[in-house]
Amino acid sequence: MHSLDMPQLLALAAALGWASGVRLYLVVLLTGVAGYFGWVPLPGGLQLLAHPAVLAASGFMVFVEFFADKIPGLDSLWDVVHTAIRIPAGAALAAGVFGADHGVMAVVAALVGGGFAATAHAAKATTRAAINTSPEPFSNVGASLVEDTAVPAGLWLAVAHPLVFLVLLVAVLALSVWLIRKSWRFLRALFGRVARIFSGRPDPGTAPAFSIHKNSSGDDPHV
């Protein structure tokens, strides 16, 4: 089995960092399974993930998170708790791609991977919190299923087509920043509305975080 080349290593480090901010336990499980069955030659710093005990623990947590992430309210609580877990774990996994034999690259990977994990986690947490203000649960489940699919797809693409993945990652990060700003503005307005209601001040209401507007003629809707 051939070892990963430099573009694959760089893409894998970026993918592990970003994906850890979305589905940390799924990242650990998929990476470990790929190494255990020999599908991907894991770098030395990641080979521990293929240990049966790690596979069992991460598999159990994937099972728990799959359901916790689809229950409105519980998913946001889960995100809050994992703020202190996903970001350092993403940095550690990205650094593990290069290991102690490449100290400088490992430090750089840790910094960049941690930043990617923080961006992905912030986008996920704020967007899901905004979605949870809707009374229907289907948008929440839909967003969760998109995340369930995006993580394995991103990890596969990082190894199979690293350059394509890196280009797409730039677009995803730009979208994440937009989602963070959009969701945070909505949540801040919502918190302000709650404060006005409890203080007895007039409440003008809050515009939805994501809405479809119509032009004056009412013909063609646009976002």
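This is a predicted model: local features need pLDDT of at least 70, side-chain atom pairs count only at pLDDT 80 or more; totals for chains, interfaces and linings use all residues.
In soluble globular proteins, nonpolar side chains tend to be buried together. Here the largest nonpolar core has 44 residues. Within this core, the residues with the most contacts are Leu16, Trp18, Leu46, Leu93, Val97 and Phe165. Several helices contribute: α1 (6-36), α2 (52-68), α4 (83-96), α5 (103-131), α6 and α7 (162-199) each supply at least two residues. The greatest share comes from α1, which gives 17 residues to this core.

Apart from its neighbours within four places in sequence, Phe165 is in contact with Ala11, Ala14, Ala15, Gly154, Leu157 and Ala158.

Glu147 lies in helix α6, which covers residues 138-160. Is Glu147 buried or exposed? Its relative accessibility is 12%, and the limit for a buried residue is under 20%, so Glu147 counts as buried. Leaving out its neighbours within four places in sequence, Glu147 is in contact with Val22, Arg23, Asp69, Lys124 and Arg128.

The aromatic rings come next. How many aromatic pairs does a search of the whole structure find? The search finds four. One of them joins Tyr36 and Phe37, whose ring centres are 5.2 Å apart. The planes of these two rings stand at 85°, and a pair counts as edge-to-face over 60 degrees, so Tyr36 and Phe37 form an edge-to-face pair. Tyr36 has a relative accessible area of 48% and is therefore partly exposed. Phe37, at 52% relative accessibility, counts as exposed, because the cut-off for that class is over 50%. Ring pairs also bring in Trp39, linking Tyr36, Phe37 and Trp39 into a cluster.

Another pair is made by Phe66 and Phe67. Their ring centres are 5.2 Å apart and their planes are at 85°, so this pair is edge-to-face. Phe66 is partly exposed at 35% relative accessibility, and Phe67 is partly exposed at 46%.

Definitions and conventions:
Residues are numbered from 1 along each chain as its sequence is written. Side-chain values use heavy atoms; hydrogens and water are left out. Helices (H or I, at least four residues) and strands (E, at least two) are DSSP runs, numbered from the N terminus. Buried means under 20% relative accessible area, exposed over 50%, partly exposed in between (1.4 Å probe, protein chains only). Contact means heavy atoms within 4.5 Å. A nonpolar core is a set of buried Ala, Val, Leu, Ile, Met, Phe, Trp, Tyr and Cys residues joined through side-chain atoms within 4.5 Å. Rings of Phe, Tyr and Trp (its six-membered ring) pair if their centres lie within 6.5 Å; planes under 30 degrees apart count as stacked, over 60 as edge-to-face and the rest as tilted.
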